[in-house]
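Dear colleague,

Please find the structure below. My notes on it follow.

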Amino acid sequence: MKKTLLIAAAMAISLPALALDGAKLFQEKTCWSCHGKDAKTPIKGMPYPKLAGQNPAYALQQMQDIKSGARNNGQTAAMKGVMGLVNDEEMKAIAEYLGTLK
């Protein structure tokens, strides 16, 4: 019974993010403009990270830290403004999408 409840709770947490289209959000929220349309070809000459295949939990944490200001270095300045356009559920959906890419 406990195992069933844990699985149900985990699914409930993920369902709103899964209902959103991470691929569409990646495009709409302009993530592609720096990280590349395939999330692994950053714009030329810029040291933006490749995001394709990134662990979803790690990607989500980085987005949350940039949005909150907990992560603040030279590479976060450009993302800080963009993160104001993305809510928590959208961040989760984008992170999940990035984890599916290879």
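I begin with F26, which is in contact (heavy atoms within 4.5 Å) with C31, W32, H35, G36, K37, A39, L51, I94, Y97 and L98, leaving aside residues up to four places away in sequence. This is a predicted model, in which local features need pLDDT of at least 70 and side-chain atom pairs count only at pLDDT 80 or more, while totals for chains, interfaces and linings use all residues. Residues are numbered from 1 along each chain as its sequence is written, and side-chain values use heavy atoms, without hydrogens and water.

F26 also belongs to the largest nonpolar core, which has 18 residues; F26, A39, M63, M83, M91, I94 and L98 have the most contacts inside it. Such a core is a set of buried (under 20% relative accessible area, 1.4 Å probe, protein chains only) Ala, Val, Leu, Ile, Met, Phe, Trp, Tyr and Cys residues joined through side-chain atoms within 4.5 Å. Two or more residues each come from α2 (22–28), α4 (56–68) and α6, with α6 giving the most, six residues. Helices are DSSP runs of H or I, at least four residues, numbered from the N terminus.

Two threonines may also be of interest. T76, in helix α5 (residues 76–83), is buried at 2% relative accessible area, and its side chain reaches the backbone oxygen of N73 at 2.8 Å. T100, in helix α6 (residues 88–100), is exposed (over 50%) at 54% relative accessibility. A polar atom of the T100 side chain lies 2.6 Å from the backbone oxygen of Y97.

With kind regards

Technical notes: Polar contact = N/O pair within 3.5 Å; in protein donor to acceptor, adjacent residues only side chain to side chain.
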